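Good morning, colleagues. I would ask you to look at the sequence and the structure together as I go through a few points.

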Amino acid sequence: MNSKLERQVGSILLKHKLKVSERTLKRFLNFLESIIDELTPELIEIFVLDNLTIGESYFFRDRKVFDFLKKVMQYKVEWNILSVGCSRGEEVYSLSIIARESGRNCKITGIDISPQRIEEARRGCYKFWSVRFLSEDELERFFIKNDDKFCIKSDYKANVTFVSGNFLTVPFSESFDIIFARRVLLYAENEELVVRKIYSLLKNDGVLVLGSGEYFPTVLKDFEPINECPCVYKKVSRKSSKFSDEKHVKDKRPKTSFISTQEVKYLKEAIAKNLENELALEPTIRIVEHCLENKILSEAENYLAILVRKYPTHYLVWKYLGVLELEKGNYEAAEKHLKKAAFLNHSDDEIWQLLHFIKGRK
Ligand SMILES: C[S@@+](CC[C@H](N)C(=O)[O-])C[C@H]1O[C@@H](n2cnc3c(N)ncnc32)[C@H](O)[C@@H]1O
């Protein structure tokens, strides 16, 4: 391994306060070594920012969040919104679309650490992958087709600004009504620093939006989950903040499962009648989530015991076995189960966050 290169990459990560796994870093250094003759310090920095952070995003990701904000936007006319880690601008333009549809004046700023992604955001032209969940009608209303690209109409570019830089170091002279920080905290070497800056930039009663399934206990100290929509939080003013101790933080974990009482009843009856073969994975997982959220741990354990016999290679079974052990305070067992879950599906962000959480407690 080229130790000069290793030091250079290390200092760039340090400068931007980013963290990456050892395996990813090793693979990346091998790649850089293979093109070492072409590299300049500036190019190395661009490579680090583009390759060691993932820019995956798409229009109307977690659509229920946008539907919820559309309702919230009815309450006033002027909105100032910040999208931290906006990647190529998909989130920013999705917001611009709902603001226009709601007849609201909205100023939206997107910031990303990758200059290349910001350049693409300013251009606003996307491959089909970024718009894959939009209907034909939406594609027609919001974009102009340019060869194989979908280019956002100029209407949605008004009042939108993109900034290239690290959120932690770029100064802002205004405060915001809503801050999006979806799938960004997982890159932060110190997530608390990011959360503190978000807190200071939000107006009183401002809203923070995280990614679906993201769980950061530090966030819950000064923000209150909004029950109607998972991953959306309201800022709590410091004086009235009552969530500073660990116990409250744990209890305030946002609710992610919506399960009807009828469904609960059906599943419980099926279990009682020993109809194991009837237990489909997805609804049973939902009842497990329901039990875990309501701290009915022994029932969650019973369901999981059946699921692990029936679906021994499904990552969700191991993930929730991990969450169960975490709830019981058995960090080592939780870590073992979560590592299996991560092995079976390495793209579930929440598993990595839970493992990260356990690492910090051990
Ligand atoms: C996975 S993308 C998420 C995009 C979008 N927020 C979403 O959820 O669809 C994460 C983005 O955060 C950016 N990022 C990570 N750390 C950052 C920081 N400290 N400041 C600004 N951008 C950052 C990365 O460059 C990447 O484009």
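Which backbone nitrogen does a side-chain oxygen of N190 reach at the start of α8? It is that of E192, and the separation is within 3.1 Å. Please bear in mind that this is a predicted model.

Let us follow helix α8 itself, which covers residues 191–201. Its buried residues are E191, V194, V195, K197, I198, Y199 and L201.

I turn now to the nonpolar cores. I198 is among the residues with the most contacts inside the largest core, a set of 54 residues.

For a local view, take V219. Beyond its neighbours within four places in sequence, V219 is in contact with L185, V195, L208, L210 and Y233. Apart from this core lies another, of 39 residues, including L69, I81, I97 and I152.

Finally, I return to α14. The helix has 13 residues, and the distance from its first C-alpha to its last is 18 Å, close to the 18 Å expected at 1.5 Å a residue. Because 11 of its 13 residues are buried, α14 is largely enclosed by the rest of the structure. The buried residues include W318, Y320 and G322, and also K319 and E325. Just after α14, G329 adopts a positive phi of about 85°.

Thank you for your attention.

Conventions
Residues are numbered from 1 along each chain as its sequence is written. This is a predicted model: local features need pLDDT of at least 70, side-chain atom pairs count only at pLDDT 80 or more; totals for chains, interfaces and linings use all residues. Side-chain values use heavy atoms; hydrogens and water are left out. Buried means under 20% relative accessible area, exposed over 50%, partly exposed in between (1.4 Å probe, protein chains only). Helices (H or I, at least four residues) and strands (E, at least two) are DSSP runs, numbered from the N terminus. A polar contact is a pair of N or O atoms within 3.5 Å; within protein, one must be able to donate a hydrogen and the other to accept it, and residues adjacent in sequence count only if both atoms are side-chain atoms. A nonpolar core is a set of buried Ala, Val, Leu, Ile, Met, Phe, Trp, Tyr and Cys residues joined through side-chain atoms within 4.5 Å. Contact means heavy atoms within 4.5 Å. The expected span of a helix is 1.5 Å times one less than its number of residues.
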